[in-house]
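Opening my notebook on this one.

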Amino acid sequence: MKILLVGAAGTLGSAVAKALDARGHELVTVGRISGDLRLDVSDPEAVGRLYERVTGLDAVAVAGGDAVFKPLAELTADDIAATLRTKALSQLELVRQGARHLVPNGSFTLVTGVLTEDPVVAGAAASAANGAVEAFVRAAAIELAPLRVNAVSPTMLTESAEAYGAVFPGVEPVPAASAAAAYVRSIEGRHTGRVYKVGH
């Protein structure tokens, strides 16, 4: 399959790229500062240019997205807007525009996270963005057929535990490779409207 992978340079994205490459897929990687194509997918016009440049796609997968982490009392309207734009709206736009460009039985795999249902202090904006993506996946699935759309929701990754372990006290981390396996399941399987939870 020819797969567009957004966020391939990150911890999760690198594991997803490795897993898909090992299974013989052709990857086109996208990122703001690295990748085969460099652009900001939070800009709808950039997404349009992306789909004009890359044709014949079987799947689109997203493995990254920024979020602002601040206590609710310190969170600004701009912080919330930035999180929704980069973590949620960018993914929705990749699907909205991409639906016209994928092969008829193609698929989208988006990314959310454990904060949707297991919030932490200072994570309200991220929880809201994740929840928006998951709701969108369920709603879009009933309209996209025969295209498919799913999301992968990992908990804290083992590779990130040193940096983020204090934010997720008592949470058992999972290897990035386990989350990557859920991407393989979404892309190569036949389910749609699913949120694949990894480690929670």
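Axes are lines fitted to C-alpha atoms, for helices over the stretch in contact, with angles from 0 to 180 degrees between N-to-C directions. Helices (H or I, at least four residues) and strands (E, at least two) are DSSP runs, numbered from the N terminus.

Ground rules next. The model is predicted, so I take local features at pLDDT of at least 70 and side-chain atom pairs at pLDDT 80 or more, while totals for chains, interfaces and linings use all residues. Residues are numbered from 1 along each chain as its sequence is written, and side-chain values use heavy atoms, with hydrogens and water left out.

**Entry: α3 and α4**

I looked up helix α3 (residues 77-98) against helix α4 (residues 124-144). Their axes are 8 Å apart and the packing angle is about 10°, so α3 and α4 are roughly parallel to each other. I count contact as heavy atoms within 4.5 Å. On the α3 side I noted Thr83, Leu84, Lys87, Ala88, Gln91, Leu92 and Val95. The α4 side brings residues including Ala125, Asn130, Val133, Phe136 and Leu144. For classes, Ala, Val, Leu, Ile, Met, Phe, Trp, Tyr, Cys and Pro count as nonpolar, Asp, Glu, Lys and Arg as charged, and the others, Gly among them, as polar. By that scheme the α3 contact with α4 has twelve nonpolar, three polar and one charged residues.

**Entry: α2 and α3**

How do the axes of α2 and α3 cross? I find helix α2 (residues 44-53) coming within 10 Å of α3, axis to axis, and crossing at roughly 45°. The two are therefore oblique to each other. Pro44, Val47, Gly48, Leu50 and Tyr51 of α2 meet Glu93, Leu94, Gln97 and Gly98 of α3. The class tally is five nonpolar, three polar and one charged.

**Entry: α1 and α6**

I checked helix α1 (residues 11-22) against helix α6 (residues 176-188). Their axes are 8 Å apart at an angle of about 55°, which makes α1 oblique to α6. This crossing is right-handed as well. In α1, Thr11, Leu12, Ala15, Val16, Ala19 and Leu20 take part. They meet α6 residues, among them Ala176, Tyr183, Val184 and Ile187. I logged twelve nonpolar, one polar and no charged residues here.

**Entry: the sheet**

Which order do the strands take in the sheet? Seven strands form an open sheet, β3-β2-β1-β4-β5-β6-β7, with parallel pairing. I call two strands paired if DSSP finds at least two bridges between them. β3 and β7 (195-198) stand at the edges with a single partner strand each, so one side of each has no neighbour in the sheet.

β1 (residues 2-6) and β2 (residues 26-31) share five bridges, and leucine 5 has threonine 29 as its partner in β2. β2 and β3 (residues 37-38) share two bridges, with glycine 31 partnered by arginine 38 in β3. β1, α1 and β2 make a right-handed β-α-β unit: with the strands pointing away from me, the path from the first strand over the helix to the second runs clockwise.

α3 lies across β1, β4, β5 and β6, at about 175° to β5. α4 lies across β5, β6 and β7, at about 160° to β6.

I found a cis peptide bond from alanine 145 to proline 146, omega near 10°. Proline 146 sits in the loop between α4 and β6. Alanine 122 has a positive phi, near 80°, and lies in the loop between β5 and α4.

Terms used. Angles under 35 degrees count as roughly parallel, over 145 as roughly antiparallel, 65 to 115 as roughly perpendicular and the rest as oblique. A crossing is left-handed if the near helix is turned anticlockwise from the far one by less than a right angle, and right-handed if clockwise.
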